[in-house]
Amino acid sequence: MSSQTTTISIAKENASAIRRRKILKVIQYVIAIVVTLIMIFPLYWMIVSSFKSQDEILATIPTLWPQEWHPENYSNVWSKANFAEYYLNTIIMTAGILVCQIVSGVFAAYGFSKGKFRGQNVLFLVVLGALMIPIQVTFIPLYLMCARWNLVNTFIGLMLPEMVSPYYIFMLRQTFMAVDDSYLEAARVDGMGRVGVITKILAPMCKSTILTTTLVTFTNGWNSYFWPKIVAGTGEKTVLTIGLANLKNTFAGQSTMNNHEIMAGAVMAILPVVILFFIFQKYMLTGYSKAAMK
Amino acid sequence: MSNSKTAAPPAGARKRRKSTSAWLDFLCVLPALAFLLVFIYYPIVDLVRISFTDWNLIKPQYNYVGFDNWIWLFTGSGTKYLLNSLKVTVLYTAGELAVTIIGGIIFALIFNRMTKFFGTMRAIVFVPKYVAMSSAAVIFLWIFNKNTGILNHFLGILGIAPVDWLGDRNIALLSVLMLTGWRAIGYGMMIYLSAMMGISKDYYEAASLDGANAFQRFKSITLPLLSPTTLFLFVTTFISAMKVFQSVDILTSGGPYRSTEVLVYLVYQYAMRDFRIDRAATIAIVFFILLLIFTAATMKVSNKNVHYDS
């Protein structure tokens, strides 16, 4: 008798617990969807507005969907604001930074992980220490150097502070250290030199770290703003981020008049990185969480 | 014949080969080291030198003036600007920390469901991190516009009077933080979610058997076991928040009435707008010292107060 009632009451409790769990699930879905909509809204607004006409942009009651589609906003901003030039400058700058960081980083990481020379560990502290000195502190002397060597408004000037990345060296050194020495010994017995060991053995074995770190470098380079503003803020070596920020001033000084074109510019500026994000989603997340360590 | 080949070479040759090898290894790191010394370490030394001059970029020459700039900064007219931007930087940093850590945990709890639908929503919440700050800032610049911005339009529908998001000195910093938060919160969420997935289910089962409710389980299991993650986010966010520049530059240019003038922006304005690199250098050194102190302090804290799941 008593055991029967307990089973019934447990069953009842389970039923109410299940119902409560269901309600919680619904609440969670609702909150999650609302939050997602709020988070996506700025991006949605950017894309939708970039296709609107100027009249629609200036209308007192904003429209959530374009009445007419104006893809020519993109070509307008491309020609009016020199976006082609900004793109080219950004690509050259980012590519230059990538090549310099990879070459210098791979060799230095090899030297610090697999090489043997006196003072190795002390010298590695120099690399670690550099992680703590941001460009926001050193930009004045760096700018003076660039001015002295006529590097203001040049590609070399744009790339200069980023050519060697202590973060890149640090990350690669950690990975190279995990590679067993016997691989390198075997290669040396076969008469392979350092360059061969690095390019044919270490680099392929540490592909994923190199890819992640390089993706972070690429995104940081593509999105960089502070130093490009200092060394090439105005002039013919303007990069995308700076050109875009300047748009709010250049269209006849009216910040609100041409928002459809500014939005088109904003879309074009982020497209490469967002595409990369969707291709390399997994790598970029791990890369970012590691990059944040610096 | 084969014997002589396998036999060890004379000691002298071996030593020579070893030292050549060491030299070649050293050559691998030399370019990077030289670069770091010239372009990262030397500028710090140069910065100190500049802080003892009266260097104005407009003038062709400069003189050494001793501690003038330091006196100006700590007991002269520069003090109030330094204190103001310290205050703004601290407020901004606290805000970004709160959004990343508290917001990140809340978002992680909201989106903690391993279905495809939730995976898509997570990707959407995370994607702002990859939107370049310059693009994000021009979008928000328009959204925040007092007259034509969509935010005030939505508020108008709810019957709320238009807010001057970027022109009101009491609100401007909050607006900058909203942009920061939009980009940072999904990142905090992702970091917390991956940490939560690492927590063993056994803990929760044991706690449930002991009658702990969901909140108690969260408080006594999830939070303590997330403390290494929280510390990681705290340290990294702290240091990057102190260096904030871009959002302030595009949204408010440090205004209105210096209400968003963070430290880096103060340095930037003295250097690139007023061309007073002597004063800019002095403030930059103070900024650098603060960074070092906070980095050291957080490192020290990180060795205590953290629970690790064995």
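Reply: Chain B is built from 14 helices and has zero strands. Read from the N terminus, its elements run α-α-α-α-α-α-α-α-α-α-α-α-α-α. The model is predicted, and everything below should be read with that in mind.

Take the overall dimensions of chain B next. Its C-alpha trace spans about 95 × 75 × 35 Å along the principal axes. The radius of gyration is 27 Å, whereas a compact globule of 310 residues would have one near 19 Å. Of the 310 residues in chain B, 37% are buried. Looking at contacts between residues at least 6 apart in sequence, 68% of those in chain B join residues that are at least 24 apart.

Now the side of chain B that touches chain A. In this interface, 62 residues of chain B are in contact with 63 residues of chain A. The helices of chain B that each supply at least two residues to that side are H2 (11-50), H5 (116-126), H6 (133-143), H7 (150-157), H8 (172-197), H12 (246-251), H13 (263-273) and H14 (277-302). H2(B) gives the largest share, 18 residues. By class, the residues on the side of chain B that touches chain A divide into 50 nonpolar, eight polar and four charged. The size of an interface is often given as the accessible area lost when the parts come together. The description here uses residue contacts instead.

One of the helices on that side, H8(B), also takes part in a helix pair inside chain B. Its partner there is H4(B), residues 78-110, and the two axes come within 6 Å and cross at roughly 40 degrees. The two helices therefore count as oblique to each other. H4(B) passes H8(B) in a right-handed crossing. The residues in contact between H4(B) and H8(B) are 17 nonpolar, seven polar and one charged.

Two loop residues of chain B deserve a look for their backbone angles. B:Ser253 is in the loop between H12 and H13 of chain B. Its phi is near 50 degrees, a positive value in a residue other than glycine. B:Ser253 counts as partly exposed because it has 14 C-beta neighbours inside 10 Å. B:Phe275 sits in the loop between H13 and H14 of chain B. B:Phe275 also has a positive phi, of about 60 degrees, although it is not a glycine. With 15 C-beta neighbours inside 10 Å, B:Phe275 counts as partly exposed.

H5(A), residues 120-130, and H8(A), residues 166-178, pack at an angle of about 125 degrees, with their axes 8 Å apart. That angle makes H5(A) oblique to H8(A). The crossing of H5(A) and H8(A) is left-handed. On H5(A) the contact is made by A:Val127, A:Leu128 and A:Ala130, and on H8(A) by A:Pro166, A:Ile169 and A:Phe170. The contact has six nonpolar residues, no polar and no charged ones.

Finally, two loop residues of chain A. A:Glu68 is in the loop between H2 (54-58) and H3 of chain A. A:Glu68 is exposed, with 9 other C-beta atoms within 10 Å. From A:Glu68 to A:Thr36 the separation is 32 residues in sequence and 27 Å in space, C-alpha to C-alpha. A:Asn82 lies in the loop between H3 (72-80) and H4 (83-113) of chain A. A:Asn82 counts as partly exposed, since it has 16 C-beta neighbours inside 10 Å. A:Asn82 and A:Met171 are 89 residues apart in sequence, with 37 Å between their C-alpha atoms.

Definitions and conventions. Residues numbered from 1 in each chain as written. Chains lettered and ligands numbered in written order. Predicted model: local features only at pLDDT ≥ 70, side-chain atom pairs only at ≥ 80, totals over all residues. Helix = DSSP H or I, 4+ residues; strand = E, 2+ residues; numbered from the N terminus. Rg over C-alpha atoms; globule rule 2.2 N^0.38 Å. Buried ≥ 20, exposed ≤ 12 C-beta atoms within 10 Å, placed from the backbone. Contact = placed C-beta atoms within 7 Å. Axes fitted to C-alpha atoms, helices over the stretch in contact; angles between N-to-C directions. Parallel < 35°, antiparallel > 145°, perpendicular 65-115°, else oblique. Left-handed = near helix turned anticlockwise from the far one by under 90°. Nonpolar A, V, L, I, M, F, W, Y, C, P; charged D, E, K, R; others polar.
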